[in-house]
Each structure stands twice: as C-alpha cells, then as structure tokens.
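Subject: Structure handover

Hello,

Here is the structure I said I would pass on. My notes on it follow below; please read them with the structure open.

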There are 2 protein chains.
Amino acid sequence: MTFQLLHTDSGSKARHGLITTAHGQIPTPIFMPVGTLGSVKGVHFKELREDINAKIILGNTYHLYLRPGTEILHKAGGLHQFNGWDRPILTDSGGYQVFSLSENRKLSEEGAMFRSHIDGSKHFFTPENVVDIQRVIGSDIMMAFDECAPGDADYQYTKKSMERTHRWLKRGLERFDSTEAHYGYEQTFFPIVQGGGYRDLRIQSAETIAAQGRQGNAIGGLAVGEPTEVMYEMVEVVNNILPTDKPRYLMGVGTPANLLENIALGVDMFDCVMPTRNGRNGMMFTSEGIINIRNEKWKDDFSPIDPNGKSYVDTAYSKAYLRHLFIAGEMLASQIASIHNLAFYLWLVEEARNHIAAGTFAAWKAIMVKKVATRL
Amino acid sequence: MTFQLLHTDSGSKARHGLITTAHGQIPTPIFMPVGTLGSVKGVHFKELREDINAKIILGNTYHLYLRPGTEILHKAGGLHQFNGWDRPILTDSGGYQVFSLSENRKLSEEGAMFRSHIDGSKHFFTPENVVDIQRVIGSDIMMAFDECAPGDADYQYTKKSMERTHRWLKRGLERFDSTEAHYGYEQTFFPIVQGGGYRDLRIQSAETIAAQGRQGNAIGGLAVGEPTEVMYEMVEVVNNILPTDKPRYLMGVGTPANLLENIALGVDMFDCVMPTRNGRNGMMFTSEGIINIRNEKWKDDFSPIDPNGKSYVDTAYSKAYLRHLFIAGEMLASQIASIHNLAFYLWLVEEARNHIAAGTFAAWKAIMVKKVATRL
C-alpha cells in the first residue's frame, strides 16, 4: 500500500491524498460504507459501485468470524471472492464488538474470552489470531486488536487499557510480519491510537503508534459517548504526532459535520453506520440539511429527496413517496434511504477533496458545516 | 385497452397475445409482480424495468386506500406519478383483503363495513366507491369489488356469495361507465368470475361475466385452499365460456408449475406474492428446480444462484454468499431473492410465449412442469 499526499490546505490541516492498494485506488479524504457481515445493509454491490461511488468498504472481523466463519471464507478465497466486491476492503479487528456485543467476556493479558451474541458459544480472540482471521478474510487493510475503553472510563482504567493495547499491538505486528497473505496480494496493518479523553495518554499512545512506522494509522476510542469538543481536541493532539505522510483513519465517526471538522484536523479516512442505520430509521442527510422523512410535513411534498443528490434515488423518488414507504413499513424505504445517505456521504468527501485541491476548503467548510447540521 | 391474439397453440389452449394500454404494451401470457402498497417489496423500479423486465405490476386498492390514502394519491396525480412506475398498473379491488385482513367486517347488500388492520378505524367499501378509489389510483386495469368465498365454503354459501358478487358487478359497471378517468388516459374494468369449486356455479358465473362484454375477464376465488386439480378443473370450465378474444386473468396464482398448467388451459395473466414472499424466506425458483437456500448443503457452493438466470443477481452472487446473507439476517438476502425469483417468473412466461409462437409449447411444457417443481 502506498499513500501520496497531493494537496495540503493552507487554511486548515485538511489534506487530499491517494491510497493505492492491490484492489485499486482510494482518494482521501474518504468515507467507507460499513459492510459488517460482508454486505452493506440494503445496498447491492452494483449500487455501491455505480450509484454511491464507494471506493472502499468495511467488514468486521468479529461478525465474519462468527458468520460465515473462516472455513467458508477460506474456501471462497477470501471476502472479495465471497461477496464479489472487487475494490478495497478494510476490516475492523473485532475489538469493539467483543466488548459491546458479547456477553460474559473475560479479558486477560493473553486476549479476550467471549461468548457469541448469536448462540452463546465460547471463543477466544488474541492479537495473533485476529491477524490470522484477517489473513483469511483477505482485507486490504487490517486493524490491530485493541481494547476500546468506554467513553466514561477513569484515568487509571484508560491508562492500563491503553498500555495493554500497546502490548497487544506488538504481538499483532509480530504475527503480521511473520505471516504471508493467503491470496497473493498485499495486505497492510494499521495500529490504533487509544487513550480515551486524556490528553497525555493520547500523546503517549500517538507516539507509540507513530514509532511503529506502519503504512497507515488509526485513531480509536472516540465517538463513544464523550462530548464532541473532546473528540476534536483528542484528534488535534494525536494528528500533531502521527506522521503526515501516512493516512489517518478516525474509527466510527460520524455525522456529516463531524467529518468536515475532522477533515480540517487532518483526518483522511472515516467509517460509520450512521448513514445506513439512521437512514433505516428515516433520517436523510442532504446537501441542505437533515430531514426526518417520517414527519407529516413531507406527506404531500412531491419534490425529489435531494434535488442536488448524485444518486438516481434522489430524483427517481419523491419525499412524499419515500415517507409513504416508511410509514407503511416497506423494505424499499430502507433501501432508498441507505443509497441516498451513502451517496451523500461520498459526495461530501469528494467535495472536500475538490475544495482542498482548489485551496477553497476552509471557506466551503465554514458554510457546509452549518448547512449539513440544519434540521429541515 | 386492446387485445390482439397472435398465436394459439395446437397442442393445448395456450395463447400468445398482446395487450395495449395507455402506459404501454403487455405481451401475454404475463406474470405481474405484486406491489401491494405501491412498491414491490425489496425491489427498485429501476430493477423491475431493467433486470426483471416486468411489463405491468399490481397495486392493491384496500392497502393504498388506507396508506397513503386517496388524498395524497390524488394530489400526486395517481399512483404512476406517485411511485414513478411508467408502465401499466393493475389494481386488485380490495375485496380479498377486506375479508382476509380486516377485523369485524360486516357484509351487507350495500357493501362491506370493515376495520382497518392498522389502526382499527372504520371504513365502508361499496362496489361504487371501490371504482372511485381506483379512478383516483389511476390504474390501467381496475377490478370489480367481489366477495371471495373461502375455499371450503359450502354450496349454498358459495352460490349466494356469487350472486351478490354479480349484483355488485352490475353496480360497479354502472359507476365505471358513468365516470371519467381523472388523469386523461383510459382505464379499463375487469369483472371477476366466482363460484368456488362448484362446476355449475362456475359455468353460471362465467356466462354472466362473459355477457358483460368487457375488455378483459378475471377468474377469482381459486388457489384459496382447494386441491390443485379442482383449480385446473374450474379454470378449464370457465375458459370454455370466457371469450377467446379477451385476456383472461387468473388471480393470485401461483407456483411456476401452476402458471404452466394454467397457460395450457388458456390463461393469459397471473399475479402472486409467491416469488417475493417465499423469496424472502429463502425459497429460490430456478430453471432447474426449487432451492431452499438456507439449507446447509449450499454453504460452500460458490456457483451462481442460477447459471441460466437472466438477472444480474444470478451471476453477481453465489449460492454460498446468498445463504450466508439469509443465515445472518441481512436485508440484501431478501433483495437478491426477490429480484431473482421475479426475473425467473418473467423469464418463464417469456419462454412460454416463445414456445407458443413457435408451436412447441406442449412438448416444452411437459418437460418444464416437472423441472420447475423439482426440489434441488
């Protein structure tokens, strides 16, 4: 994997770059649709390619390990062969899911014992076998196994957790460096900065992560309940330390406004379930602001969902029709909302790239950040 | 609306024809995907046009009357404008739903009082206002309001019910003939043959319906629990009476084998929720037989869903991947299954048309009827 830094904004720390992987190129800043179980909920891959223009999608190690399991994935020749997505895939390590989804998890220095949220069966994740699983999945970018401390964890807990995450990182890197890709193309491994909402821990963690000299770096443990200002402060602190010639991935973030603010702080990659999950509940992110399409005010508004929208659903369906589908509980409602929202997120980061390249990012961002947060 | 009879099979009563409506032409025999609430569940209209090649879809008067309601539909300029489907639409009258879905329904000579299955609100359907509602919906083909007697109803009940349906038909036709289309294009009205599983009642009803001289005729009250042989017998009896120069629509039927047998008996139009509803439960109809895709045997079968399938989902996704999506409860599973099954149904009737035109229908049907019913 390579990263070319193409433009740096003069009015902020925003950057525009280009990641090259075995499955194609990813212009940054980029948003990555979440395909937890190997599918982006409600969206065909054809639509991801042609209508949403997704450059890379996510899979999740915890979920894919449980279903379909590594045996099937290995037989298929990896996730790309299994689901037919031929562009890059990044896999989350499953650390977050072990702590948020499974019951009776038991943490030790060795790893995390957990029970499946599906059938209660017992499993054990270690920094090493999480690399092995991601080798089987065949993701272009794999993530280190980390403990994601709760947003309200105290200093001592967060420190201990961060230190363990660093020790786990060392073990994960050793396994990664001593093993080969299964399917003949290069995989890369991103370490993850932790440290909660504590400035000194974030500094310490960012220095540890930067020192690994890997091809990209991630920031985890944010957008887990802390105030937005704390998130921005931590990202700023961390980005002052993480190398500028490597992509920076802020995990699990966020709203359109969060994306713009963090792009201004020098973040290059984002993922979040918000466009699809909130979309399935009727929240539509548009170039003019946020729409709750279930609201009665849209019942006879026959205008397009978003007249500036780039996906075909924006003009093929009206607000009134989409509202009807939501009220009637029709599956098509979630499908339309997911395509629209993802296309909007991908449009937003594309616009950000264009404005960074043109030197107009700061002014554009100042206007957009208000627009996209407006409730229509 | 016009109907041209193009070919009649020499070895059976199968026919190939062409219906022309204000929204385009429909080659027969045809299968019509069901879009109860103004959307075919899990399927974009773009997919209906481009991948499934649907020529006409159904809407349901009962459901559309309750949601979004006639006020919205009228403001939109009819269902075509509301949902963006620019090909023909046929609307079921809602008779079946009044009797199967709503509670506390009360039948009188005047009409049917019923409570909404959604909020319990009270409504009254008459043969006249069901025409009015379908005028607002703007369907190309509207259906008479009928009582669909249960499949196990006794002779006396079925006879009385049929006679009322005939009286209701007269009232519906009067309303239809004395009103105009709202949106400037022609609508047509199909009467419905009833009479349960009773030969003499079916004869009486078919004669009454044929005598109306309408542009098309429907057969209702079948596939409601009676043995398949009874269905075929009743269709044969009725089709001996219904005029050959008008399309015949067998309502709510059925399996691929049912379609082939009834085509051989001279039926021209079909609708059924089976391809979408059973598809959402993992039943895949293919050119080689029926697949329960949830079955473990498909877990590492990476071959296409149906190598002969005509829709892009057939080759874009494998059996193993589709099984994974079903087991994991992913929405995409239902979407893929619905597109595949509908594309298969549309392919099946297209093949039937081709074989009728080529004079090879009887031989082809004899082979296909076994194939499509095989459990793989």
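In this predicted model, the charged end of K46(A) sits over the ring of Y312(B), 3.9 Å from the ring centre. The counterpart is there too: the charged end of K46(B) sits over the ring of Y312(A), with 3.9 Å to the centre. (A charge sits over a ring if NZ of Lys or CZ of Arg is within 6 Å of the ring centre and within 35 degrees of the ring normal.)

On conventions: the model is predicted, so local features need pLDDT of at least 70 and side-chain atom pairs count only at pLDDT 80 or more, while totals for chains, interfaces and linings use all residues. Residues are numbered from 1 along each chain as its sequence is written, chains are lettered from A and ligands numbered from 1 in the order in which they are written, and side-chain values use heavy atoms, with hydrogens and water left out.

Aromatic pairs

The whole structure holds 38 aromatic pairs over all chains; rings of Phe, Tyr and Trp (its six-membered ring) pair if their centres lie within 6.5 Å, and planes under 30 degrees apart count as stacked, over 60 as edge-to-face and the rest as tilted. One of them joins Y62(A) and F114(A): the ring centres are 5.4 Å apart and the planes at 45°, so this pair is tilted. Y62(A) belongs to helix α2 (residues 61-66) of chain A and F114(A) to strand β8 of chain A, so the pair ties together parts 52 residues apart in sequence. (Helices, H or I of at least four residues, and strands, E of at least two, are DSSP runs numbered from the N terminus.) Y62(A) and F114(A) are both buried, where buried means under 20% relative accessible area, exposed over 50% and partly exposed in between (1.4 Å probe, protein chains only).

In chain B, Y65(B) and F125(B) form an edge-to-face pair, 5.1 Å centre to centre with 65° between the planes. Y65(B) is in helix α2 (residues 61-66) of chain B and F125(B) in strand β9 (residues 122-125) of chain B, so parts 60 residues apart in sequence are tied together. Y65(B) is partly exposed at 22% relative accessible area, whereas F125(B) is buried at 0%.

Ring pairs also link F45(A), F82(A), W85(A), F302(B), Y317(B) and Y321(B) into a cluster.

The sheet with β8(A)

Strand β8(A) is part of an open sheet of 3 strands, in the order β7-β8-β9 (chain A) with antiparallel pairing; two strands pair if DSSP finds at least two bridges between them. The edge strands are β7 (103-107) and β9 (122-125) of chain A, each pairing on one side only. Between β7(A) and β8(A) (residues 112-115) there are 3 bridges, and K106(A) has M113(A) as its bridge partner in β8(A).

Helix α13(B)

How many residues of helix α13 (residues 319-327) of chain B are buried? The count is 8 of its 9, among them Y321(B) and R323(B). Their cover includes α1 (45-52) and α4 (79-83) of chain A, and also α14 (331-358) of chain B; contact means heavy atoms within 4.5 Å. After α13(B) comes G329(B), with a positive phi near 70°.

V43(B)

V43(B) is in the loop between β4 (30-32) and α1 (45-52) of chain B and is buried, at 0% relative accessibility. Leaving out residues up to four places away in sequence, V43(B) touches L332(A) and Q335(A), and in chain B L48(B), I52(B), S338(B), I339(B) and L342(B).

Regards
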